[in-house]
Amino acid sequence: MKRKLAGLAVLTGMAAATTLLAPASPAQASVGLYRVGATSVLDATNAKTMAISCNGADQVVGAGGRINDGQGDVLMTRVYADATLHTVTVLGVEANATNVPWSVNAFAVCAPAGTVAGLQLVTTTSVNNALDKVGITAVCPAGKKTFGGGYRIDNANAAVAIDELAFNPALGSVSSTGYVFGAPGNFTLQTQAFCATPLPAMALTEATSAFNANSPKLVTTPACPAGSQTAGVGGVLTGLIGSGSVATLLPSATLDTAEATGREIVAFAAAWNLRAQQVCVG
């Protein structure tokens with residue numbers, strides 16, 4: 001039976017944190033990152049895929065996506081880059097059948113060709129399984145840091161929800177976690193790390209929502225340090241244990257903040273929170 005969610009939570013007690021990997025100087029120039037995006041048709045069709053590519057020979061350093069008007073019934077099961085780091089694809093599928101029109105946004109944060117050295121895609125894929133919870137981590141090679149990341153669920157029959165796409169504090173790896181809430185059978189979860197030679201300034205900024213039973217929750221990170229821009233976006237749910245999903249991973253149009261949204265899939269009376277992450281580079 002389809003269950004409706006509560007209205008947008010008013011967040012109080014928001015906590016913010018910034019982990020600096022190198023000092024950011026206000027005089028430091030950014031590398032000229034830019035965001036491109038695309039939106040699918042708005043209707044009640046299930047499922048929807050949207051892709052967006054960087055200009056010319058430019059490459060993806062960050063990926064994002066958003067489910068619009070899904071009311072918690074739609075899962076964002078893929079936010080990933082292609083093997084050449086040129087295109088980001090986002091997939092939305094209905095976990096609960098709905099007649100409400102919804103759409104999908106795909107976002108790519110792009111670096112002009114040659115501005116980010118040593119850029120490479122690292123992917124790690126889980127074995128086929130039907131476990132209740134699957135977590136997988138993609139680790140950058142020695143001497144490189146992750147600028148952004150992505151994930152991809154395959155063969156889950158819309159019964160596995162992404163609980164996190166998370167960057168570790170040292171920006172050496174990206175992890176994703178999926179929770180089973182239905183009957184997916186054997187499925188795989190892939191995590192991607194967009195790795196490159198570190199820039200002079202790299203920082204992980206975070207903000208965390210209140211810990212309560214309100215749904216949905218929307219969290220915006222603090223702004224990137226002066227002279228740097230948003231590359232990667234992450235979101236981490238705590239406490240929902242498979243009853244919700246990350247529905248938004250949004251780099252702002254000005255690439256200075258990032259936004260994450262968490263939504264319940266089914267009614268969940270206990271408290272939970274959402275932590276939004278942003279990788280700032282410059």
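Predicted model: local features only at pLDDT ≥ 70, side-chain atom pairs only at ≥ 80, totals over all residues.

Student: How many disulfides does the structure hold?

Tutor: The structure holds three disulfides, and if you number the bonded cysteines in sequence order, the pairing reads 1-2, 3-4, 5-6.

Student: Which residue is joined to Cys54?

Tutor: Cys54 is joined to Cys110, with an S to S distance of 2.1 Å. Cys54 sits in the loop between β3 (48-53) and β4 (59-68) while Cys110 belongs to strand β7 (residues 103-111), so this bond ties together parts that are 56 residues apart in sequence.

Student: And are Cys54 and Cys110 buried or exposed?

Tutor: Cys54 and Cys110 are both buried, and their link is left-handed, with -90° about the S-S bond.

Student: Moving on, where does Cys140 lie, and where is Cys195?

Tutor: Cys140 lies in the loop between β9 (133-139) and β10 (145-154), whereas Cys195 is in strand β13 (residues 188-196), so the pair connects parts 55 residues apart in sequence. The sulfur atoms of Cys140 and Cys195 are 2.1 Å apart, and both residues are buried.

Student: What about Cys224 and Cys280, why is that disulfide called left-handed?

Tutor: The torsion about the S-S bond of Cys224 and Cys280 is about -80°, and therefore the disulfide is left-handed. This pair links distant parts of the chain, with Cys224 in the loop between β15 (217-220) and β16 (229-238) and Cys280 in strand β19 (residues 273-281), 56 residues apart. Cys224 and Cys280 are likewise buried.

Conventions: Residues numbered from 1 in each chain as written. Heavy atoms only, no water. Disulfide = S-S within 2.5 Å. Helix = DSSP H or I, 4+ residues; strand = E, 2+ residues; numbered from the N terminus. Buried < 20%, exposed > 50% of the residue type's maximum accessible area, 1.4 Å probe, protein only.
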